[in-house]
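My notes follow in the order I made them.

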Amino acid sequence: MNTLGKRIKFVLKAQNRTLKYLGKELGVPQQKLSRWVNGHAEMPSSVLFQISKILGVSMEWLMDGEIKDDCGRRRGNREKDKNTNGGEEHIGDRHPEKA
């Protein structure tokens with residue numbers, strides 16, 4: 001899910017909800033919401049905030065698709081990343097050294 005719109009649609013589908021439902025909750029016409037979700041118009045940050053609250057997901061996840069901890073580090077993300085010696089490691093498996 002590499003776009004904001006795809007992430008919104010993913011959560012709506014997972015919750016058995018529709019764009020019509022979301023538009024009604026936001027108080028905006030479905031056509032306007034559809035333009036935002038499909039990337040044909042820029043979504044105001046205030047609407048993004050409202051969507052995150054309605055759907056129960058973070059604004060950060062809606063914007064970039066990553067789950068982060070309180071310090072801004074990626075958390076629980078199973079995307080693969082190449083390390084310097086050519087092997088693969090899972091980003092979510094990295095843990096900072098504890099003092």
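**Helix crossing, α2 and α4.** I began with the crossing of α2 and α4, which is right-handed (left-handed if the near helix is turned anticlockwise from the far one by less than a right angle, right-handed if clockwise). Helices here are DSSP runs of H or I with at least four residues, strands are runs of E with at least two, and both are numbered from the N terminus. The model is predicted: local features need pLDDT of at least 70 and side-chain atom pairs count only at pLDDT 80 or more, while totals for chains, interfaces and linings use all residues. Residues are numbered from 1 along each chain as its sequence is written, and side-chain values use heavy atoms, with hydrogens and water left out.

I read an angle of about 115° for α2 and α4, with 10 Å between their axes. Axes are lines fitted to C-alpha atoms, for helices over the stretch in contact, and angles run from 0 to 180 degrees between N-to-C directions. α2 and α4 are therefore roughly perpendicular to each other (65 to 115 degrees; under 35 is roughly parallel, over 145 roughly antiparallel, the rest oblique).

Which residues meet here? From α2 I listed Tyr 21, Leu 22, Glu 25 and Leu 26, and from α4 Val 47, Gln 50, Ile 51, Ile 54 and Leu 55. Contact means heavy atoms within 4.5 Å. The residues of this contact of α2 with α4 divide into seven nonpolar, one polar and one charged. Nonpolar covers Ala, Val, Leu, Ile, Met, Phe, Trp, Tyr, Cys and Pro; charged covers Asp, Glu, Lys and Arg; the others, Gly among them, are polar.

**Helix crossing, α2 and α3.** The axes of α2 and α3 come within 9 Å and cross at roughly 110°. On α2 the contact is made by Leu 19, Lys 20, Leu 22, Gly 23 and Leu 26, and on α3 by Gln 30, Leu 33 and Val 37. I noted five nonpolar, two polar and one charged residue in the contact of α2 with α3.

**Leu 26.** Leaving out residues up to four places away in sequence, Leu 26 touches Leu 33, Val 47, Gln 50, Ile 51 and Ile 54. Leu 26 and Gln 50 are 24 residues apart in sequence, and their C-alpha atoms are 7.2 Å apart.

**Ser 52.** I found Ser 52 in helix α4, where Ser 52 is buried at a relative accessible area of 4%. A polar atom of the Ser 52 side chain lies 2.7 Å from the backbone oxygen of Phe 49. Beyond four places in sequence, Ser 52 touches Val 57, Ser 58, Met 59 and Leu 62.

**Loops.** Asn 16 is in the loop between α1 (4–14) and α2 (19–26) and counts as exposed at 73% relative accessibility. Asn 16 is not a glycine, yet has a positive phi of about 55°. Most residues other than glycine have a negative phi. Gly 39 lies in the loop between α3 (30–37) and α4 (45–55) and is exposed at 61%.

**Whole chain.** I counted five helices and two strands, in the order α-α-α-α-α-β-β from the N terminus. Of the 99 residues, 25% count as buried.

Note on methods
Buried < 20%, exposed > 50% of the residue type's maximum accessible area, 1.4 Å probe, protein only. Polar contact = N/O pair within 3.5 Å; in protein donor to acceptor, adjacent residues only side chain to side chain.
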